[in-house]
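Hello,

Here is the structure you are taking over. My notes on what was found in it follow below; please keep the two open side by side.

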Amino acid sequence: MRESIEYDLLKSKEKALQYNEICHAVEQHKKEQKSSAVHPTKRIGYAVVGLGKLSLEQILPALSTCNYSRLTALVSGDADKARKVASQYGIAESSVYNYQNFDEIINNKDIDAVYIVLPNSMHHEFTIRAAKAGKHVLCEKPMANSVQECEEMIKACKEAGRKLMIAYRIQYEGYNALAKQWTRDEKFGKVKVIEAYNGQSIPDANHWRVKKNLAGGGALPDIGIYCLNTIRFLLGEEPTSVFATTYSTPHDARFKEVEESMLFQMTFPSGTLAMCSTSYGTQASRNYRVYAEKGNYGLDPAFSYSGLKMHTVTQDGQIELKQMPTMVEQNQFALEMDHFSESIACGKQPYTAGEEGLQDMRIIEALYQSAYEKRMIKLEHLNGKDLFRGHEPLKNV
Ligand code: NAD
């Protein structure tokens, strides 16, 4: 018994030292404006849950470019796939779990956090199970399929004393951060109107993304959420009313259960109006434009994993000035995971905590209500800026 207490004390001292090193590196980053990594063994350990397209193509490769985060475990329903991926990333067989024995992660001290990359309907269950196993949770967007589920996820993490962050990678990306700064500083005057589009084609009628019980909805919660969340991020405000219309091509097998397209408007307390649209039936296109008194600016593409481009248009007398600011591209998933690791190590509320995901879900429910009832829906009038966000992410260097 005594031996085990001493072992636990030693372990918690080790953790405290490990976390201190990360916080020290973060301070160095801020002071010197250059990234400063900690030794791989000192990084926050992640179990990636779900080995689908996003995990295999983006998240696992991104982990190897992180400064404060590392891969320490995998969770998958497909044992063969998990074994292959584990050997590719040097993960021991004892750190590979399936959906049934997932709760055993409680005994794995190398797992500080889980990153949930499963179909939307599974986010709720796995967040709650991870919190009960004493792990911090980074959960993919949309946070869940209902406001109630989001509230339960926040409660479970609070009760377990663990952090919860929603993976809104755009809020950690450099060009989008610059657009936010210009919006907040009124660089081109007051922002009057923002337009945003996020569309792509869903080829497969059997995909979980078009099954209501798994996806929660169609284009809106999957990709339209980028328009909604990015505009809230740019302005820092919360909409006071929304109005939406949906359309699905009749007899198209893909859209029997969920909407193909949605057009939606949002009104903000400062008077800014937003016009957004999203579709599962178009060629991929992802962009937004911010129209201010003395110019307009935006990104096209805005929501892709890489290759983002910013364009500004201003006027000097009769002459229209077009510019394309450039910056060094950084991996969005690495920025997002390192922010969560910093939040865990230094005990800070993540910038996109569970409350941010819950607020999106409140608005998503209002948008569906608006489309269903064919009327404008008023939302609670919330004053103040960044009401649901935690500490600011590090500046990209
Ligand atoms: P995917 O279909 O490629 O992978 C889903 C994984 O879940 C697969 O490994 C699959 O085997 C597993 N799974 C377990 N139970 C399942 C079930 N009942 N039905 C279907 N799959 C099941 O999906 P994805 O594109 O990797 O998306 C996963 C999550 O990541 C979603 O929440 C999605 O919204 C989110 N996502 C986020 C981004 C981003 O840029 N942040 C991009 C894509 C996806």
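Predicted model: local features only at pLDDT ≥ 70, side-chain atom pairs only at ≥ 80, totals over all residues.

An oxygen atom of the ligand lies 2.9 Å from an N or O atom in the side chain of R209. Taken alone, the ligand exposes 840 Å², and 78% of that is buried by the protein.

Two other residues make contacts of this kind. N120 has a polar side-chain atom 2.8 Å from an oxygen atom of the ligand. For W208, the distance from a polar side-chain atom to a ligand oxygen atom is 2.8 Å.

How many residues surround the ligand? There are 23, and the closest are K53, N120, K141, R169 and W208. Sorted by class, this shell has 13 nonpolar residues, three polar ones and seven charged ones. Two helices, α2 (53-63) and α8 (219-235), each supply at least two residues of the shell. As for the site itself, the space that the ligand takes is the largest pocket.

Next, the chain as a whole. Ten helices and 15 strands make up its list of secondary structure elements. The radius of gyration is 22 Å, close to the 21 Å that the globule rule gives for 397 residues, so the chain is as compact as a globular protein of that length. Along the principal axes, the C-alpha atoms fill a box of roughly 75 × 55 × 40 Å.

- K141 and P142 are joined by a cis peptide bond, with omega about -15°. P142 sits in the loop between β5 (136-139) and α5 (147-160). K141 was also listed above, among the residues closest to the ligand.
- The peptide bond from D300 to P301 is cis too, and its omega is near 0°. Here the loop that holds P301 runs between β12 (295-299) and β13 (310-316).
- H251 is not a glycine, yet its phi is positive, near 65°. Where is H251 found? H251 lies in the loop between β8 (241-247) and β9 (261-267).

If you want an order for going through the model, begin at the ligand and find the side chains of N120, W208 and R209. Then go to K141 and follow the chain across the cis bond to P142.

Regards

Terms used:
Residues numbered from 1 in each chain as written. Heavy atoms only, no water. Near = heavy atom within 4 Å. Polar contact = N/O pair within 3.5 Å; in protein donor to acceptor, adjacent residues only side chain to side chain. Areas by Shrake-Rupley, 256 points an atom, 1.4 Å probe, with all protein chains shown as cover. 1 Å grid on protein atoms, 1.4 Å probe; cavity = no way out; pocket = protein on both sides within 12 Å on 5 of 7 lines; lining within 4 Å. Sits in = over half its atoms within 2 Å of the grid points. Helix = DSSP H or I, 4+ residues; strand = E, 2+ residues; numbered from the N terminus. Nonpolar A, V, L, I, M, F, W, Y, C, P; charged D, E, K, R; others polar. Rg over C-alpha atoms; globule rule 2.2 N^0.38 Å.
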